[in-house]
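User: Please take a close look at a single part of this model and describe how it sits among its neighbours.

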Amino acid sequence: MNQVNTTTAITQMQAISIGQIIMDDSNYLTLWGQVLQDDVWYPCDFVTTYEVMNTMLRFGQDKHDAVQMTIVKKLEDMRRIPDIIDLEAELGTAVVFDNLIFYMRRPCLQQDDNWEAYADEECYYIERVIQMPIVPVPPTLPPAARLPGEDNEKMEYCIQLLHDAYNLYLGFIEIELGDEAARMKAGLENDYKFSMAYYAWQLHTSNI
């Protein structure tokens with residue numbers, strides 16, 4: 001497998017579970033597991049590169065040291081191609097990667113001169129991952145310091161502006177602009193503002 005062809009649409013997910021890893025002589029890994037959508041786990045397979053997998057493990061820190069060592073050991077002792085790492089058997093359970101934002105595309109098969117998506121939503125190519133923004137919890141204000149009702153409209157307006165900025169950022173990402181450049185063009189260079197924009201976008205999405 002030298003190349004993975006995908007659709008252009010990017011799908012964002014926030015958590016995946018991996019039970020088995022399939023390895024061959026390419027730079028790609030096939031992951032058997034599940035994806036979390038609307039608080040429900042669905043069976044799903046994934047394809048990604050070692051580079052993206054390393055990023056997932058790095059963001060997971062100590063939580064996924066065992067996974068990294070299992071992969072390294074398998075690479076050292078690999079005697080057949082393809083080969084499988086059964087994480088559920090090795091570690092006693094599937095491994096959950098959360099607190100990350102996964103940028104995924106649906107893989108394609110060539111039909112005549114066209115590339116068509118296959119497997120519906122049961123298979124994704126993980127293009128990249130980023131850490132989910134961490135927003136500090138603001139202190140609870142005393143009654144005298146709280147916004148009066150007439151100012152709620154201003155707050156809603158600010159939330160809408162932040163949502164629109166993050167939506168613009170996603171648009172730049174979809175046309176394959178780099179993360180740093182996309183944030184700059186959307187006016188989200190500041191990490192705190194980026195985090196607030198992400199949660200404003202999440203709030204708007206959950207209310208649709």
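Analyst: What follows looks at strand 2 and then at the helix that packs against it.

The model is a predicted one, and the description below should be read with that in mind. Strand 2, which covers residues 16-23, is mostly covered, with 8 of its 8 residues buried. Its pairing with strand 3 (residues 28-37) is antiparallel and extends over 7 bridges, and the two strands are joined by a hairpin through 4 residues. Within this pairing, Q20 stands opposite W32 of strand 3, while Q20 also has D86 as its bridge partner in strand 5. Strand 5 (residues 83-86) runs antiparallel to strand 2 and is joined to it by 4 bridges. Strand 6 (residues 95-97) likewise runs antiparallel to strand 2, here with 3 bridges, and in that pairing V96 is the bridge partner of S17.

The buried residues in question are V67, T70 and I71; because they cover an arc of only 95° around the axis, they lie on the same side of helix 2. The face turned away from that buried side carries the exposed residues M69, K73 and E76. As for its length, the 13 residues of helix 2 (residues 65-77) should span 18 Å at 1.5 Å a residue, which agrees with the 18 Å between its end C-alpha atoms.

Terms used
Residues are numbered from 1 along each chain as its sequence is written. This is a predicted model: local features need pLDDT of at least 70, side-chain atom pairs count only at pLDDT 80 or more; totals for chains, interfaces and linings use all residues. Side-chain values use heavy atoms; hydrogens and water are left out. Buried means under 20% relative accessible area, exposed over 50%, partly exposed in between (1.4 Å probe, protein chains only). Two strands pair if DSSP finds at least two bridges between them. The expected span of a helix is 1.5 Å times one less than its number of residues. The arc is that of the directions from the helix axis to the C-beta atoms. Contact means heavy atoms within 4.5 Å.
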